[in-house]
Amino acid sequence: MKLVDVLHMNGGMGDISYANNSLVQRKAIILTKPIIEQAMSDLYNNLLPETLCIADLGCSSGANTFLVVSELIKTVEKERRKHEFHSSDFHFLFNDLPSNDFNTIFQSLGEFEHNLRKQTGEKFAPCFFSGVPGSFYTRLFPSNSLHFIHSSYSLHWLSQVPDLIEKNKGNVYMSSTSPPSVIKAYYKQYEKDFTNFLKYRSEELMKGGKMVLTFLGRESEDPSSKDGGYIWELLSMALNELVVEGLIEEEKVDSFNIPNYTSSPAEVKYIVEKEGSFTINRLETTRVHWNYASNNNDIINGGYNLSRCMRAVAEPLLISQFGTKLMDLVFQKYEKIITDCMAKEETEFINVTVSLTKKK
């Protein structure tokens with residue numbers, strides 16, 4: 001089965017859907033709001049386009065998609081009123097892989113526009129919405145057609161599982177017990193993917209166009225450090241418990257690797273400068289405590305809610321390798337391991353945000 005067929009969040013509006021289990025991702029968007037606002041304000045004041053073409057890459061589905069849209073509209077409307085500019089139309093392009101639940105997005109448009117009118121208390125410029133299925137590691141849009149690109153919690157996903165020359169035995173991601181060749185293969189795939197991403201976006205953005213990208217990362221320069229992929233290390237522990245119990249074959253765990261890379265700011269800076277199409281305006285990290293998934297400080301509920309958040313993200317991948325039958329048991333064990341970890345350690349996700357401007 002191809003990765004593009006299974007790399008998607010749980011769709012719909014059910015108990016384990018991404019739409020209902022993405023508070024951590026929402027917090028990341030809120031934390032980066034000042035960076036998004038600054039980039040959009042600068043772009044709008046410099047270019048004053050009749051129609052603002054804005055792409056959201058890896059949009060997934062649910063309220064987080066519209067949170068970004070509403071903030072961008074409010075930012076532009078604020079600048080327009082302040083400087084008494086003519087209003088610009090908005091064209092939002094929602095991108096994700098073809099297996100994404102685009103239906104939930106478009107079924108929610110009417111409610112979103114109604115709520116935005118209530119929030120702003122006034123009319124805003126016409127908004128047009130399109131879906132663009134496809135991998136953002138390929139060309140997606142016509143040349144010089146976009147003003148602004150946003151992406152949040154998507155670019156840590158790779159285009160494919162790295163080509164490994166050794167088994168990553170007992171692990172589903174990079175860890176302290178992974179062979180050096182595994183770490184090297186993960187970085188090689190990340191560098192290739194991020195370079196391609198920058199190349200294609202530079203072709204699609206107009207001169208002076210901007211991007212704000214936020215993704216899971218790390219502050220350490222060690223790719224196998226806990227501040228990068230610890231949450232996946234705990235998933236490995238849950239799967240290995242099922243191996244010991246004879247419910248999953250060891251070989252299935254050893255041959256399963258998450259196509260994800262949590263980069264450091266230094267790695268991002270190196271690749272952006274090497275590719276050469278963009279100027280870095282801001283490059284920052286933020287932190288979100290694992291407990292934020294529960295919106296309170298209750299560790300037991302925090303473990304439950306974070307395991308549901310991870311299930312919404314990772315279940316389609318896990319089903320492709322291990323089938324549906326054991327999913328409830330996998331995530332019951334995962335929940336317990338996460339809860340125990342949160343009780344003993346300071347657990348946080350590291351977000352890396354970079355704001356970029358196209359050079360020419």
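This is a predicted model: local features need pLDDT of at least 70, side-chain atom pairs count only at pLDDT 80 or more; totals for chains, interfaces and linings use all residues.
Visitor: At what angle do helix 7 and helix 10 pack?
Guide: About 50 degrees, with the axes of helix 7 (residues 180–204) and helix 10 (residues 265–275) 10 Å apart. Helices here are DSSP runs (H or I, at least four residues), numbered from the N terminus. Axes are lines fitted to C-alpha atoms over the stretch in contact, and angles run from 0 to 180 degrees between N-to-C directions.
Visitor: So what does that make helix 7 relative to helix 10?
Guide: Oblique. Angles under 35 degrees count as roughly parallel, over 145 as roughly antiparallel, 65 to 115 as roughly perpendicular, and the rest as oblique.
Visitor: Which residues of helix 7 and helix 10 make the contact?
Guide: Among them are Tyr-187, Phe-194 and Leu-198 of helix 7 and Val-268, Ile-271 and Lys-274 of helix 10. Contact means heavy atoms within 4.5 Å.
Visitor: And helix 8 with helix 12, how do the axes cross?
Guide: At roughly 130 degrees, coming within 9 Å; helix 12 covers residues 327–344. That makes helix 8 oblique to helix 12. The residues in contact include Leu-234, Leu-235 and Ala-238 of helix 8 and Val-330, Tyr-334 and Ile-337 of helix 12.
Visitor: Changing topic: how many cavities of 30 Å³ or more are there?
Guide: One. A cavity is a set of points on a 1 Å grid over the protein atoms alone where a 1.4 Å probe fits but cannot get out, and lining residues have an atom within 4 Å of a point. The largest cavity has a volume of about 40 Å³, a volume being the space filled by probe spheres set on the points, with grid points joined across faces, edges and corners.
Visitor: What lines the largest cavity?
Guide: Leu-216, Gly-228, Ile-231, Trp-232, Asn-260, Thr-262 and Phe-349. Helix 8 (residues 226–244) gives the largest share, three residues.

Key. Residues are numbered from 1 along each chain as its sequence is written. Side-chain values use heavy atoms; hydrogens and water are left out. Helices (H or I, at least four residues) and strands (E, at least two) are DSSP runs, numbered from the N terminus. On a 1 Å grid over the protein atoms alone, a cavity is a set of points where a 1.4 Å probe fits but cannot get out, and a pocket is an open set with protein on both sides within 12 Å along at least five of seven lines; lining residues have an atom within 4 Å of a point.
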